[in-house]
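Morning, everyone. Have the sequence and the model open, and let's walk through them together.

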Amino acid sequence: MSGSDVTKDGIHGARPDREATVGVNAGRAGGGGGRRRRGGAERAMVPDAQFTSYYGKPIINSPVWEAPDIPGYLFLGGLAGAGSVLAAGAELTGRPALARACKVGAFGAVSAGLVGLVHDLGKPERFLNMLRTFKPTSPMSVGSWVLAGYGPAAGVAAASAVTGLLPTIGRAATAGAAVLGPAVASYTAALISDTAVPAWHDGFREMPFVFVGSAASAAAGLGMFAAPVGENAPARRLAVLGAALELTASKRMEHRMGPVAEPYHHGRSGMMMRTAEAMTIAGSIGGLLLAGRSRVAATVSGAALLAASALTRFAIFEAGMVSADNPDYTVGPQRERLARRQPAGAAAVSAPGRHRSAADVPSNNQGA
Amino acid sequence: MSLDLPRAMRKALYDDTDPAAVSGHEDHPPRMGFFTDTSVCIGCKACEVACKEWNHVPEDGLVFTGMSYDNTQGLGADTWRHVAFIEQRKPIARQEPGVQHDVPAGQSSDLRWLMASDVCKHCTHAACLDVCPTGSLFRTEFGTVVVQEDVCNGCGYCIPACPYGVIDQREGDGRAWKCTLCYDRLTVGMEPACAKACPTDSIQFGPLDELRERAGRRVEQLVEAGVTDARLYGHDPDDGVGGDGAFFLLLDEPEVYGLPPDPVVTTRDLPAMWKHVGVAAATLVAGVAAAFVGGGRR
């Protein structure tokens, strides 16, 4: 119905009077004419409709990633990455059983994680498109390439450790997996932070530390769970270090976020977060004190740490979903940002003066 | 890990000039976009229908929401134009319909009905495009952002990356879909279907520079006419997304229409994120090393 055509050569047939004239016939600004008028436009008593959102609808579209695939991968990737570093340390310091347990665990974890990742794709048969290009602006692209290097290395390291074959290649693969492991354990923090999900994005400074802390305590849990008590001393110490890092970083993160951190405290995600914290503390301290002497204590502590790390990732995942579904978490911080950017007073007025000077126009429509 | 980004990436992330050129289109046509002037939208939803027909977009759920006249609800994989309806007890301007109604004292019968046709913003700095790991999302020669459905593997990363909640995953299909600004029509010199169908020219299509000028004049005109609520949204190349390729004239705060008041492309913080990830990875190595060093051998 539009009469004009826009072509590569410009606009043809534009109507000269395409500007509609809302309100123009009705009155002049400041109109002093003695005409009878209800005056609704001039009275400042018309209350502003109090909308803070569009029918409570979320501003952003919620992630379509699903549990257990994606939070499961966040956990398994962390376990694998940190596990490979622990394996290399165990190998270097002559703890073959701990090294073997970590290598097998790491490969098992990354394999299960990859299955989850592919399963979560909308078009799983196209998973190889992940390696179609390399984009440093996409943490998922970077992660795909890291995994493409890490996965085979972890696999060869585990196979060599289990079979005893090709020890030289096995050592090289162990070293390779240990070099890429920290990247596997940490890039996922950038992956979820590089979104518009408030509870993920706003934590981008601390999230990598929460993730590697959680990964370290998971790997330590694996070491305690699967290695002989006689070799698990490094794992027991790593559990405490990892737990301390994770808990410190997550406290800092929640503090910095302010109101956006609410999903980390309240509701289902908050409860999961608190439970995970308690299990992390219990597992790491129990492990440090008891797991060096008792097989049962080592198994229980290790299992508690593994479960706690998994629960942490599920809690963070859930908190992100909650924050995405509530427009307050998107609009609130943005409003505050705008208010800070504007001089005091100006922010309160929804004035068109933000965009152009309207100083000469009487403000006749700014109810309340 | 080097923290110095490649020049091209830095340019793409921060420069606000010419997205098509940054993306490698030499000698490209002018950047095209939409100016949606909501002050003349009549809520006819011709844009929604035209978009669906031309782009063969499937049905998006036949539900009753009770949200004024809006059962469409929002943009998504199967809704590339969405007309919002907001009823407010507030005069739109000094309108005198010529009929005097008897209104009890202290009670206003003023009603304004805000209607606005939302669409993909085709951001200068498009988070969906930045985070897409397959290269399925790309920048066209017109400066618009388009999904290649034969490449998309449905990873879903673009969906939470979009600060406006535009792109989404199509159920039963798995891939991500959104407005293409009718890339097919543009390449043969035609106007996008929604703009073509708009009976009031609320949706105006054209070279972005020209639209921004026209929009500036329009706001001035409205403010002079007493519509002091009129303001532009997404027109500013200095905003958090480097300006939208599809921008709007609104009559209330953006969040009233379901739009974020101050959107920022998430990848603006990505260099800082990589830095923190690098330090965290190093911390992990140091922590494991410390676990082996401390406490003697056992």
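Which way does α7(A) pass α9(B), in a left-handed or a right-handed crossing? The crossing is right-handed. Keep in mind that this is a predicted model.

Let me stay with that pair. Two packed helices are described by the angle between their axes and the distance between the axes.

Who makes the contact? On the α7(A) side, it is P234(A), R237(A), L238(A), L241(A), G242(A) and L245(A). On the α9(B) side, it is T283(B), G287(B), V288(B), A290(B), A291(B) and F292(B). Sort this contact of α7(A) with α9(B) by class and you get eight nonpolar, three polar and one charged residues.

Now a pair inside chain A. The crossing of α4(A) and α6(A) is right-handed. From α4(A) come A185(A), S186(A), T188(A), A189(A), A190(A) and S193(A). They meet M207(A), P208(A), F211(A), V212(A) and A215(A) of α6(A). By class, the contact of α4(A) with α6(A) has eight nonpolar and three polar residues, and no charged ones.

Next, confidence. For the complex, the predictor gives an ipTM of 0.90 and a pTM of 0.86. Chain B has a mean pLDDT of 90, with 86% of its residues at 70 or more. Chain A averages 86, and 80% of its residues score at least 70. Within chain A, residues 23-51 have a pLDDT below 50. That stretch still has 52 contacts in the model beyond near neighbours in sequence. A further stretch of chain A, residues 346-368, stays under 50. For residues 346-368, the model has 45 contacts beyond four places in sequence. How should we treat such regions? Where pLDDT is low, the predicted coordinates should not be read in detail.

On to chain B as a whole. Its secondary structure comes to nine helices and ten strands. The chain has 298 residues, and 57% of them are buried. Take the contacts in chain B with a separation of 6 or more: 65% of them join residues 24 or more positions apart.

Now find the open sheet in chain B. It has four strands, in the order β8-β1-β10-β9. The pairing is mixed. Why is one side of β8 and of β9 left without a neighbour in the sheet? Both strands, β8 (203-207) and β9 (231-233) of chain B, stand at the edges, and each has a single partner strand, so one side of each has no neighbour in the sheet. From one strand to the next, the twist averages 25°.

Zoom in on β9(B). Three bridges join β9(B) to β10, residues 246-250 of chain B. The two strands run antiparallel. Look for Y233(B): it stands opposite F248(B) in β10(B).

Then some backbone details. Most residues other than glycine have a negative phi, and most peptide bonds are trans. Here are some exceptions. The peptide bond from A67(A) to P68(A) is cis, with omega near 5°. P68(A) sits in the loop between β2 (10-12) and α1 (69-92) of chain A. Y55(A) also lies in the loop between β2 and α1 of chain A. Y55(A) is not a glycine, yet its phi is positive, about 55°. Is Y55(A) exposed, partly exposed or buried? It is partly exposed, because 17 other C-beta atoms lie within 10 Å.

H56(B) is not a glycine, and its phi is positive, about 55°. H56(B) lies in the loop between α3 (46-55) and β2 (81-88) of chain B. With 6 other C-beta atoms within 10 Å, H56(B) is exposed.

Last stop: L338(A). Find it in helix α11, residues 327-341 of chain A. L338(A) has 13 C-beta neighbours inside 10 Å, so it counts as partly exposed. How far is L338(A) from E231(A)? The two are 107 residues apart in sequence and 56 Å apart in space, C-alpha to C-alpha.

That's the tour. Over to you.

How values were computed. Residues numbered from 1 in each chain as written. Chains lettered and ligands numbered in written order. Predicted model: local features only at pLDDT ≥ 70, side-chain atom pairs only at ≥ 80, totals over all residues. Pairing = 2+ DSSP bridges. Axes fitted to C-alpha atoms, helices over the stretch in contact; angles between N-to-C directions. Left-handed = near helix turned anticlockwise from the far one by under 90°. Contact = placed C-beta atoms within 7 Å. Nonpolar A, V, L, I, M, F, W, Y, C, P; charged D, E, K, R; others polar. pLDDT = per-residue confidence, 0-100. Buried ≥ 20, exposed ≤ 12 C-beta atoms within 10 Å, placed from the backbone.
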